[in-house]
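Please read these points with the sequence and the model open.

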Amino acid sequence: MSEPRLVEVRRNVLKQNDMIARALRERFRSEGVFVVSLVSSPGSGKTAFLEKILTLLRPGHRVAALVGDLATDNDAARLKRSQAPVKQIVTGTVCHLEAAMVQNALQDWNLRDLDFLFIENVGNLVCPSSYDLGESLRLVLMSVTEGEDKPLKYPTIFNSADVAIVTKNDLAVAVEFDWSAAQANVQAVRPGMKIFRVSTKSGEGVDDFLKFLAAQLAEHKSTTPA
Amino acid sequence: MHELSIATSIVDTAVEEAERRGVQVSAVHLRLGALSGVVKDALMFCWEVACQDTALEGSHLIVEDVPVVIFCPKCRDEQTVASIQLLACPRCGSLGSEVVHGKELEVFALEVEEVAK
């Protein structure tokens, strides 16, 4: 056999996903829908927060959601209580959503009928970070019960997100949550990241987030082709 | 834990390149960013399984770690950061930095031998 030689190939391993994500982002832009994804560990309150947001946005905006889980459509059933259209993506054994799953789920949807589409990822702070879903805004949620150092333990997912939401603030005193340490940790792994502090239960902080979303939508619509 | 599916994607990519070039792959050189979200040890652990029953069976995976490099708009310069837990500019401490390297997940090169005719 001949001597081995080195050939340069330079191929992005996730190119397939990135290409689908790019096509999705282009579709979302041309159809004028603002797409927000949510990532967090299991149990940090993604579904509760999203149900609240859908319910509060619905009088003034056209909203819908996709929700990913390994098994069950329990989360879709919860989100449907908001009266918004909701579709469950059951991933089976896959620990994260991929762009192709979003593309398949949206095949028969007319996105021009929507202002906001939310995509709730599988509860997992590791794997979703590698996969672009074509979203315009990625939220990473952490609850006060998880501890202030969550960003330091999972820097990659925080770095892949645009905005951090600290949830379950109604429990902050009980668990002696150190807000300034949490803020410093978020800034260390994702410098300049915007942070909202909310309680889905009491509604605290939710209005500020809704105002932020409305401003993002207005900006997005201003770039939508007529 | 998505390293097995990542390993399978790397194998698919390498097999495709090998077929196109008519060569046998003995090793795959991967560039892996510290912020890629992929764990090197887990990837190495999966490699043999991912290669099973493919043209890459018996090949090696060689991983080159790519550190995080940020661009600091204040210093107008690129800086390598020591830890993914602190992405502020190491020179001026500014928080406005952009990540320019460190998210790589790239099959950079293949060690190949011509297929015996």
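**Notes on the model**

1. In α1(B), the residues B:Glu3, B:Leu4, B:Ile6, B:Ala7, B:Thr8 and B:Val11 meet B:Ala42, B:Leu43, B:Cys46, B:Trp47, B:Val49, B:Ala50 and B:Cys51 of α2(B). Contact here requires C-beta atoms, placed from the backbone, to lie within 7 Å. The residues of this contact divide into 11 nonpolar, one polar and one charged. Ala, Val, Leu, Ile, Met, Phe, Trp, Tyr, Cys and Pro count as nonpolar, Asp, Glu, Lys and Arg as charged, and the others, Gly among them, as polar.

2. The model is predicted: local features need pLDDT of at least 70, side-chain atom pairs count only at pLDDT 80 or more, and totals for chains, interfaces and linings use all residues. Residues are numbered from 1 along each chain as its sequence is written, while chains are lettered from A and ligands numbered from 1 in the order in which they are written.

3. Helix α1 (residues 3–21) and helix α2 (residues 40–51) of chain B pack at an angle of about 55°, with axes 8 Å apart. Axes are lines fitted to C-alpha atoms, for helices over the stretch in contact, and angles run from 0 to 180 degrees between N-to-C directions. The angle makes α1(B) oblique to α2(B); angles under 35 degrees count as roughly parallel, over 145 as roughly antiparallel, 65 to 115 as roughly perpendicular and the rest as oblique. The crossing of α1(B) and α2(B) is right-handed, that is, the near helix is turned clockwise from the far one by less than a right angle. Helices (H or I, at least four residues) and strands (E, at least two) are DSSP runs, numbered from the N terminus.

4. Chain B has an open sheet of three strands, ordered β4-β3-β5, with antiparallel pairing. Strands pair if DSSP finds at least two bridges between them. β4 (77–80) and β5 (98–101) of chain B are at the edges with a single partner strand each, so one side of each has no neighbour in the sheet. Four bridges join β3(B) (residues 69–72) to β4(B), and B:Val69 stands opposite B:Thr80.

5. Which strands make up the sheet of four strands? The order is β1(A)-β6(B)-β1(B)-β2(B), an open sheet with mixed pairing. β1 of chain A and β2 (60–66) of chain B stand at its edges. The twist averages 25° from one strand to the next.

6. β1(A) and β6(B) (residues 105–114) run antiparallel and are joined by six bridges. In β6(B), A:Arg5 has B:Val112 as bridge partner, A:Arg11 stands opposite B:Val107, and A:Asn12 is partnered by B:Glu106. None of the eight residues of β1(A) is buried, so β1(A) lies largely in the open. Buried means 20 or more other C-beta atoms within 10 Å of the residue's own, exposed 12 or fewer, and partly exposed in between.

7. Between the chains, 29 residues of chain A are in contact with 32 residues of chain B. On the chain A side, β1 (5–12), α6 (155–160) and α7 (179–189) give two or more residues. The largest share, eight residues, comes from β1(A).

8. A:Asp75 lies in helix α3 (residues 74–80) of chain A. Is A:Asp75 buried or exposed? A:Asp75 is buried, with 20 other C-beta atoms within 10 Å. Beyond neighbours within four places in sequence, its contacts are A:Thr47, A:Val67, A:Asp69, A:Gln88 and A:Glu120.

Note on methods:
Two residues are in contact if their C-beta atoms, placed from the backbone, lie within 7 Å.
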